[in-house]
Amino acid sequence: MIPDNVMTAIEVRGISKRFDDVEAVAGIDFDVRKGELFGFLGPNGAGKSTTINMLIGLARPDAGTIRIGGIDCSKNPKAAQHLMGVVPDESNLYPELTGFDNLCFCGSLYGMSRRDREARARELLDRFGLAAAGGRKFGGYSKGMKRKLTIAAGIIHSPAILFMDEPTTGIDVASARQIRQLIADLNASGTTIFLTTHYIEEAQRLCERIAFIVKGRIVRIDTIEQLMRRTDGRHVVQFAVSNSTDDLCDLLLGEWPGLHCQAIAEGHIRVESPKPVRVGPLVRLLEDRGVEVFEARKIQPSLEDVFVEITGIEADAMKQEKANSGKGGGA
Amino acid sequence: MKAWIAFWNIMVKDFRAYYLKPPNISWGLIFPLAWAGMFFIRSGAGLDSVPALLPGVIAVSVLFGTTSLLSVTVTFEKKGRSFERLLLAPIPLELLMLAKTGGAILFGVANAFVPVAMAAFLMDVSVINWATFVPAIVLIAISSTFLGLFIAVSVSEVFEAQTFSNFFRFPMLFLCGLFFPLAQLPVWLRWLSYALPLTYGADLLHAAIHRPAAIPSALSFGMLVAFCILLFAFSLRNVRCKWIV
């Protein structure tokens, strides 16, 4: 457990990591408070995995310091591993062992006695809805079941700090919902959670604070509340139209230069304004020019908009990158 | 105490997941049998040749059994990323790698006794000097397992592990004095054979079973221990440099 007098679960100061010519992480700083659920967001290749590997002891920083639960791990990556649980982005348990044996084995790696680890394994199998599958080999589990058992293995020893790398990537919606609920419950019970995800909505729903990392640099760390303030006073309307959207923005901006207009997909445009947008005149103008308007919808700006604004990276592009890397799935 | 719980369970897990699987048990039985038969037929010297053949069969069984299994299982776990679980466990890396190799060492020792059990029907095994034989077997198993570990941490694919294993095993097989006495090898090859751990192991086995040692036994034991330390240290260094980058 983290000593009572230590209030910062993870303290990172100026860590950097270079692989040949590539600067994967470039001198980042952040703190994660004890009991916090901290989100770490960024596109592929932004430095998320390298950072998490340095925190958990699978990589050594070239420079900077890392303190986990008050223990300096910069020189000895194994120094604080007893405080951590890790849920990697791949379900990497042993296919030839049963679910129950996998959990017991993972408990033994943290020195749990046979009685303790068997009791805890049964408890977790129940909690994750896997009790009936506990005697089956892990290799035969579905993707969602594998993910759940991998999370169970990460918390078998009741760690003070849990690192979760893309916990809901590549699994069905029902399992993802269940896992998100588990994450929230774990955090409510006092576990500090460091969560990396491609799903901005997931981070928005779960995390207290979020760090955005792009090209090895943290571009913003803030609470969800503060981040969302950026969207205060912004009014967004999205239109579904019949025509190609190429010239429609020019048409609207010609009439209302104060608007910000963007073609977001074929047949869809997004109009943004610092003042409330009156939809009627916009629809009339479009229809006068022969454009059929199927739908005009006011949109509540989301964390995704903030992310796009801060990082300059389209959230959809980020999800696509993840899908292309073969992991797919949906939050 | 907690670290030893992890140590024991890693070994038990490997036994359950790999070494006690039917294909590996049959490998442990069939392989020595096949080697014994091959040597026996090739020598054509009848039952009298069994004591002279036994050291070679034992050494080859241990070498192939341990290097194959360890290099493949570690590479397999590394590729499937389950090895990361072990690297994340709060136990010293040295203890972790000893646990990982412990199962293969025991498998190698068990492998060695298969030819001995078979030979018991064909020769008088009471002539075996067990005080030399048992420690020699243990050291051959340890050095061969650590060679397998060295191979595993030097490659990234399972097929590379097999290919790389043969790169070491076959020269060792021909140069360690099992096929040709060291004295009959050209001088430059003799020096090469002295750089191989199995040369010392094979000589100890010959000395324990049927003839005087060609190399002083104390030197052979010392060299085997030195090879074990060297291979283990080099493997640990590779794990630290390549797997904890």
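In this predicted model, chain A and chain B bury about 2700 Å² between them, and 57% of that area lies on carbon and sulfur atoms. This is a handy value to start from, because the size of an interface is often given as the accessible area lost when the parts come together. Counted by residues, 31 from chain A are in contact with 27 from chain B.

The rule finds three salt bridges across the interface of chain A and chain B. In one salt bridge, the side chain of Asp101(A) meets that of Arg16(B), with 2.6 Å from N to O. On the side of chain A that touches chain B, the elements giving two or more residues are β1 (8–19), α2 (99–109) and α4 (143–155). Of these, α2(A) gives the most, with five residues. Sorted by class, this side of chain A holds 15 nonpolar, seven polar and nine charged residues.

In soluble globular proteins, nonpolar side chains tend to be buried together. The largest nonpolar core in the model has 123 residues, and those with the most contacts inside it are Ile10(A), Phe30(A), Phe163(A), Phe194(A) and Ile58(B). A second, separate core contains 47 residues, among them Leu41(A), Val87(A), Cys104(A) and Ile210(A).

Technical notes. Residues numbered from 1 in each chain as written. Chains lettered and ligands numbered in written order. Predicted model: local features only at pLDDT ≥ 70, side-chain atom pairs only at ≥ 80, totals over all residues. Heavy atoms only, no water. Contact = heavy atoms within 4.5 Å. Buried area = accessible area lost by both parts, 1.4 Å probe. Salt bridge = Lys/Arg side-chain N within 4 Å of Asp/Glu carboxyl O. Helix = DSSP H or I, 4+ residues; strand = E, 2+ residues; numbered from the N terminus. Nonpolar A, V, L, I, M, F, W, Y, C, P; charged D, E, K, R; others polar. Core = buried A, V, L, I, M, F, W, Y, C linked by side-chain atoms within 4.5 Å. Buried < 20%, exposed > 50% of the residue type's maximum accessible area, 1.4 Å probe, protein only.
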